[in-house]
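Biologist: I'd like to learn how to read helix packing, domains and ligand shells. Could we start with what the handedness of a helix crossing is?

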Amino acid sequence: MGDQLSDNLSSLDGIDKGEARILMMEVGDEATYVRHHVRKIAFLFSAMRHHAERLRAAGWKVDYVTLDDPDNEGSFSAEVARAVERLRPERIVVTEAGEWRVRAMLESWQDRFDCAVEIRPDTRFVASHAEFEAWAADRKSLRMEFFYREMRRKTGLLMDGAKPEGGQWNYDAENRKPPPAAARPPAPLAFEPDKITQDVLSLVKARFDNHVGRLEDFGFAVTREDALKQQAHFLKHHLPRFGDYQDAMVTGEPYLWHAVLSPYLNAGLLDPLDLCRAVGKAYRAGRVPLNAAEGFIRQIIGWREFVRGIYWREGPDYTTRNFLNAKRDLPDFYWTGETDMHCMAEAIGGTIDHAYAHHIQRLMVTGNYALLIGADPEQVQRWYLEVYADAYEWVEAPNTLGMSQFGDGGLLASKPYASSGAYINRMSDYCGHCRYDVKKREGADACPFNALYWDFLARNRAKLGNNQRLAMPYRNWDRMDEATQKAVRKQAATYLRTLGGSDAST
Ligand code: FAD
Ligand code: DLZ
Ligand code: SF4
């Protein structure tokens, strides 16, 4: 499958190259079950075609079905059925899928086809399902920090014997500097499209013109070799300052010191553990500070593994949870970027152009705004799945529904990531370019995030009032006199009415 483009894929373990046939297929159903960003589809189809060539060069026989093959039946199951008819295999061997929807498909094949079906675990993660389950089983609450420590011990990354390197497990407090006044890092590498990529770009342009995004200046790596070049580029130019400026945002700078490696990690072109080992090595060689190496490794063996564990543990209904009963339709400008809020225009515009936004833009700008207006978390989740080149449900859903929208009621995050304009102002240069005044709560030019923030707390008090981590903001709200509270809520209500659609949570 499109996110299984790894040399060490479990489905190939112990298989005789002479006897086996690898089946790969570009299918309409996978490209349209949500309307994926055109760059994401182009990246995956091109990376799949290059990977098929790589497999052939390594001696495998590959049946590759392109999207425009007239016989293409358009879905995984229908294409496997056609291959079973053609090849009459003794057995089908497949590596487990990255989402419940496809998992159910694979599980149905045993009854459908007259041959054995073997579904193998995906071994490209640090923790197996059983390991995560064993860690989670007896805990009252699941917190990334404690799981992360287990993963540090298991991998030996940044360990000094049994102790964490430097004496502390986590240097998060040193990962929050506002952006520096000058000095911008080099952009990520851009790779010139070869003939395969050019063909894919034409195909995607013709077939998916009603999907979000732009294809111009497509420069993604589509081979492991090029993905490794981007990895090396990041280690040299960006990692040293990644720790300091992980949370910073700057106008016209969508990438800053971020890795821009998630599409390659998630599709299998890069190996997460190899990458973390390279980061550990750069630290030991004195090339990067500890807050950068630890901060980066935490994202991969901590957050990435943790959200995967949560996704599979919570079951297929996780994506339908709506703790705050939020119901508003996601505004149309999420698909156009046409809004006068500069922070939102930057985050959404970058997303439309590049199928990328960095973590703080996703969490504290677009995610924060959706949370504050009471947007339906299922719609929010679908948007994130559509627009990012790195989005697969196992990683996207817990980040969106859990971390960003608090839809799981605090299973993944101990408090909602809600903030007023002050946070965005502290961590970016956005507010200086905005028509709104970030210091104001009321009036036509008041930053919308401000009144919305207090309104969010006030209207969700029954559900959030007991959360210890929100005690301070609720105290601050209670300190405001009644007239101020009323004015703030009126400001928010007037604003929310302009968004139209169905109503927010009460
Ligand atoms: P960097 O900031 O350089 O981080 C390095 C790597 O760490 C990333 O490549 C990624 O593999 C990993 N990582 C960092 N944070 C997380 C995280 N919270 N969860 C999992 N892995 C993480 N990430 C995805 O890979 N796919 C998604 O669909 C996705 N959806 C998200 C939705 C929301 C609402 C939020 C708040 C975050 C989401 N993330 C997702 C996590 C994170 O934003 C991206 O992994 C990151 O922005 C990718 O860019 P980068 O490679 O430059 O990352
Ligand atoms: C995301 C995606 C897209 C757009 N297209 C394909 C495809 O045509 N063929 C394929 O094998 N995989 C594709 N994928 C990735 C799958 O949707 C992914 O494997 C599932 O999300 C399960 O992890
Ligand atoms: Fe965003 Fe408000 Fe700042 Fe404008 S003033 S950029 S809307 S936080």
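This is a predicted model: local features need pLDDT of at least 70, side-chain atom pairs count only at pLDDT 80 or more; totals for chains, interfaces and linings use all residues.

Biologist: Which residues of α2 and α7 make the contact?

Modeller: On the α2 side they are Val38, Ile41, Ala42, Phe45, Ser46, Arg49 and His50, and on the α7 side Ile196, Thr197, Val200, Leu201 and Val204. Sorted by class, that contact of α2 with α7 has eight nonpolar residues, three polar and one charged.

Biologist: And at what angle do the axes of α2 and α7 cross?

Modeller: Helix α2 spans residues 38-57 and helix α7 residues 195-207; their axes come within 9 Å and cross at roughly 140°. Only angles over 145 degrees count as roughly antiparallel, and those from 65 to 115 as roughly perpendicular. α2 and α7 are therefore oblique to each other.

Biologist: Let me try another pair. How do α16 and α17 cross?

Modeller: The axes of α16 (residues 377-387) and α17 come within 9 Å, at a crossing angle of roughly 135°. That makes α16 oblique to α17. The crossing of α16 past α17 is right-handed. From α16, Pro377, Val380, Gln381, Tyr384 and Leu385 meet Glu393, Glu396, Ala397, Thr400 and Leu401 of α17. By class, this contact has six nonpolar, two polar and two charged residues.

Biologist: What about α19 and α21: how are they oriented to each other?

Modeller: Their axes come within 11 Å and cross at roughly 100°, with α21 covering residues 471-479. α19 and α21 are therefore roughly perpendicular to each other. Trp454, Leu457 and Ala458 of α19 make the contact with Pro473, Tyr474 and Trp477 of α21. The class count there is six nonpolar, no polar and no charged residues.

Biologist: On to domains, then. Which domains does the assignment give?

Modeller: The protein chain has domain 1 (10-120), domain 2 (129-188 + 224-314) and domain 3 (333-499) in that assignment. A pair of domains can be read by the distance between centres and by the contacts. For domain 1 and domain 3, the C-alpha centres lie 39 Å apart. Nine residues of domain 1 are in contact with nine residues of domain 3. On the domain 1 side, the residues that touch domain 3 divide into two nonpolar, three polar and four charged.

Biologist: Now the ligands. Where does ligand 1 lie?

Modeller: For that, look at who contributes to the shell. Domain 2 and domain 3 both give residues to the shell around ligand 1, so ligand 1 lies between them. The shell has 28 residues, and His258, Ala259, Gln299, Ala391 and Glu396 come nearest. Elements giving two or more residues are α10 (262-267), α12 (290-314), α15 (359-373) and α17 (393-404).

Biologist: How does the shell around ligand 1 divide by class?

Modeller: Into 14 nonpolar, ten polar and four charged residues. For ligand 3, the shell has eleven nonpolar, three polar and no charged residues.

Biologist: Which residues come closest to ligand 3?

Modeller: Cys343, Gly421, Cys431, Cys434 and Cys447, out of 14 residues surrounding ligand 3. At least two shell residues each come from α14 (342-354), α18 (421-427) and α19 (448-459). The largest share, three residues, is supplied by α18.

Notes. Residues are numbered from 1 along each chain as its sequence is written. Chains are lettered from A and ligands numbered from 1 in the order in which they are written. A residue is near a molecule or strand if its C-beta atom, placed from the backbone, lies within 6 Å of it. Helices (H or I, at least four residues) and strands (E, at least two) are DSSP runs, numbered from the N terminus. Ala, Val, Leu, Ile, Met, Phe, Trp, Tyr, Cys and Pro count as nonpolar, Asp, Glu, Lys and Arg as charged, and the others, Gly among them, as polar. Domain bounds come from an automatic or database domain assignment. Axes are lines fitted to C-alpha atoms, for helices over the stretch in contact, and angles run from 0 to 180 degrees between N-to-C directions. Angles under 35 degrees count as roughly parallel, over 145 as roughly antiparallel, 65 to 115 as roughly perpendicular and the rest as oblique. A crossing is left-handed if the near helix is turned anticlockwise from the far one by less than a right angle, and right-handed if clockwise. Two residues are in contact if their C-beta atoms, placed from the backbone, lie within 7 Å.
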